Amino acid sequence: VTALGIARRSKALTYNVQELKGEEVNRVKDANFVNSLAGKVAGVTINSSSAGIGGSARVILRGTKSLSPTNNNALYVVDGIPMPPLSNAQPNDVFSGAGQTGDGISNINPEDIESISVLSGPSAAALYGSQAANGVIMVTTKKGARGGLSVTASNSSTFFSPFVMPRFQQSYGSEAGSYYSWGEKLKTPSTYEPTDFFQTGVNITNTVSLSTGTDKNQTYLSLGTVNGQGIIHNNDLNRYNVSFRNTSKFLNDKISMDLSMMYVKLEEQNMLAQGQYFNPLVPVYLFPRSDDIRKYQAYERYNPTRNFKTQYWPFGDLGFQMQNPYWITERDLFGNNKHRVLMSAALKYDINPAINITARGRFDRNTALNERKYYASTSGLFAGEAGSYYRYNINTQQIYADALLNINKRVQDISVNANLGTSIQDVIYDYSSIGGQLQSVPNLFSYNNLNLSASSLYGEGNHVQTQSVFADVQVGFKGLVFLDATGRNDWASPLINTGSTSFFYPSIGLSGVLSDILHLRPGKLSYVKVRTSYSEVGNAPPPFVSKATYPSIGGYPQTSTYLPASGLEPERTKSYEAGINLGFLRNKLRLDATVYKSSTYNQLFNPTLSPSSGYTSFYINAGQIDNKGIELSLALNQDFGELHWTSNLVYSLNRNKIVQLLPAYTNKQTGETVSLDSLDMGGTTSYKMIMVTGGSMGDIYVNTLKQDEHGYIWVNSTSFNVYPDQTRYVKAGNANPKYNLGFRNSFQFKNFNLGFLVTARVGGVAVSVTQAIMDAFGVSEASARARDGGGARINGYLLPAQAFYQTVGGGTSGIGSMYVYSATNVRLGEASLSYDVPVNRSIPWIKGINLSLTGRNLLMLYNKAPFDPELTANTGTYYQGIDYFMQPSLRSLGFAARLRF
């Protein structure tokens, strides 16, 4: 299955398409099935969100291409129709990270998936237009099957624990009344274990599906539930799915109709990615080792003055907005409630055996209510005397429709496959919020109890429409050589007031089956196919960049502060790809290899203007980002008697380069000249994400200690301490891997099946601010080792440990260069053992029973970082490889059962 749901023979493809069966994402289940693709597809880098169970996934195909903070993730397509991303704001500082939510694709019930096709290159995805510039993950859902009634019931029960944790010390206590563990060595080791704060997480997934049909009519119906609890108390996920699909034929099979409906109800609570605010891990990790945290499990006490219970936490916020960790989980509540309805219809009319017309449409509406409830006595930065309450209403509606004329004709040795079509995609986004301090009744979270005079009201929205025409023509000669060409023209509403009303982008590809052309005999080399392609993909600017916007705050429209752009052009990616497909030993061993290069131009910049211009900034096109890489996939299918072995090795390498940012440009309206050779994307005083001409997307820069003229760390001769160099940042490395590996195996013997997946990420760096702050508070294993050894060794000399670590580990003002780690890691990513229970023929209504044991993240074989480098708090473009009290990744063990009757 390729773009727009068009089926093609694999030997006719001029670009790389990788397909996985639905069972690959169901063998070891995850609340977000996208995480199950990691290590199974070449050219794909997947990072799980640190928001816990049901969190989003960051999926990058063939490298980051755009400077946009949000515009680098793959496009998800279900049954040939694109889905809106439904992504939420990502944490991009040291404070935020609570209240995260899953993305749109995580709503899908993996039991409804028939197959997944990954279109990693722009050539494969060109027919989807600008939104597919970063590749496509295409999901094909199940249909009803011909035959009698078949019912399948499945259960998966999975239990979680923290996978990679920082290393703590238990040898040194704290001075009286201090939260810092820089006191004397304890006579007996502390019994405090931060891991005791976590509970055993659980995810119970149940699905019942029904399939029935005749030659003319097939029906599929499924009901699914996901009920999960994270490793932090009150981090809950409840999802309920209903799916229905009916396919039928009429008028002597000339008309085919496909109707489907999906309903999703989703409840998320207290999803935490990282940061200081509302993060119980900050006080838990830093808790003084000579104290007993059980004293604070009674997180609230009766306050006679206020006549209700208030938070008990005698330590204050310590500059981190720290609160009682149990209060945070029980009394600062972040709830997300979503309802999603998808309704699709497709009609196909066969004019004759070679020509048909298809029309499709989908209505997709997602309604979300996000609430924030802060009980009275929550930190005054967030809540008033009676508490605070916030409501966020987020509605996204997409209407998509297309019509295609499909031609499949063969004349002697020439075959022609052509698809001519038009589409419209209409997306309406609406956001409104109200919230503030409660007034008369403490902890009554309702609109009527808001102090409206001190509350904030905000509203905005956008309406984006894209109209398109497209064509795909493939000409084949004797089934040996195939020439493929596509073209698409988009009219996108964000182009209003620019010099372009539309943009066109083509692709062309050529493939040849050399084994058939050269008449190779089946033997050691059974199959040879070569292919090459070129494509261009456009990408419209975000809404309102070319037109002044006026969001409503407090009921009043706000004035635009930037100069509206009139000469913008769409971002454009040009991509080259070449590949070879080889089959050995009668195709028992297959090798697919692809090399590619892409260049993305017309990046969108927003440089500042002088205040005298009357505007703060303006938008302009410039810049070029290049990506080049290699994708390899090696697959083996081999029988050894009754033992069947399948193995798959995938390798992905990508190199990214910032060729150009913003050369000197003079704004014609203001007369100002601006240029950018570097772009600071933010961070803290200890680390920054800086884009530099000649560098790469994902480069991390860190501050350093002051050095003397010989390059040694400068040490004060009186205080014997070190000092930061506040003016100097050095490149620590890049957050992206040099290459990824995935090694997947399955051994089937009679009724048993053993499978496992080993993944490796090689190269890249990560920065742990968590480790830095733990060092400053004296709770890390490293700080204890230094004290045991007489101090921290610098330039061959021992310095007082406390002064040293409170300098280099001072949180946002610490020394980032001291906390740079290799992000290389190797893990046993998945394992499963299943058994098909022999069915008693005397019970004909039972068709099959399968029992299995499953596990994910079972063993970290190599990792030098104090956290899981595959985690990310931000699933967008930036802030990768940064750990600021992220929730740890999860190790899972579980069992599953499937009954078919």
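Trainee: Is Gln276 buried or exposed?
Mentor: Gln276 is buried, with a relative accessible area of 6%. Buried means under 20% relative accessible area, exposed over 50%, and partly exposed in between, using a 1.4 Å probe and protein chains only.

Trainee: What kind of model is this?
Mentor: The model is predicted: local features need pLDDT of at least 70, side-chain atom pairs count only at pLDDT 80 or more, and totals for chains, interfaces and linings use all residues. Residues are numbered from 1 along each chain as its sequence is written, and side-chain values use heavy atoms, with hydrogens and water left out.

Trainee: Back to Gln276. Where is it found, and what does it touch?
Mentor: Gln276 is found in the loop between strand S12 (255-269) and helix H3 (281-286); helices (H or I, at least four residues) and strands (E, at least two) are DSSP runs, numbered from the N terminus. Not counting residues up to four places away in sequence, Gln276 touches Val94, Phe95, Val282, Gly319, Phe320 and Tyr884, where contact means heavy atoms within 4.5 Å.

Trainee: How many aromatic pairs does a search of the whole structure find?
Mentor: The search finds 42. Rings of Phe, Tyr and Trp (its six-membered ring) pair if their centres lie within 6.5 Å; planes under 30 degrees apart count as stacked, over 60 as edge-to-face and the rest as tilted. Tyr180 and Phe777 form a stacked pair, 4.1 Å centre to centre with 10 degrees between the planes.

Trainee: Which parts does that pair tie together?
Mentor: Tyr180 lies in the loop between strand S8 (147-162) and strand S9 (201-213), and Phe777 in helix H6 (residues 769-777), so the pair ties together parts that are 597 residues apart in sequence. Tyr180 is partly exposed at 30% relative accessible area, whereas Phe777 is buried at 2%.

Trainee: And how do Phe320 and Phe777 pair?
Mentor: Their pair is edge-to-face, 5.8 Å centre to centre and 65 degrees between the planes. Phe320 lies in the loop between strand S14 (308-311) and helix H4 (325-331), and Phe777 in helix H6, so this pair ties together parts that are 457 residues apart in sequence. Ring pairs link both residues into a cluster whose members include Tyr192, Phe287 and Trp313.

Trainee: New topic: which ring does the charged end of Arg787 sit over?
Mentor: The charged end of Arg787 sits over the ring of Tyr172, 4.3 Å from its centre. The criterion is NZ of Lys or CZ of Arg within 6 Å of the ring centre and within 35 degrees of the ring normal.
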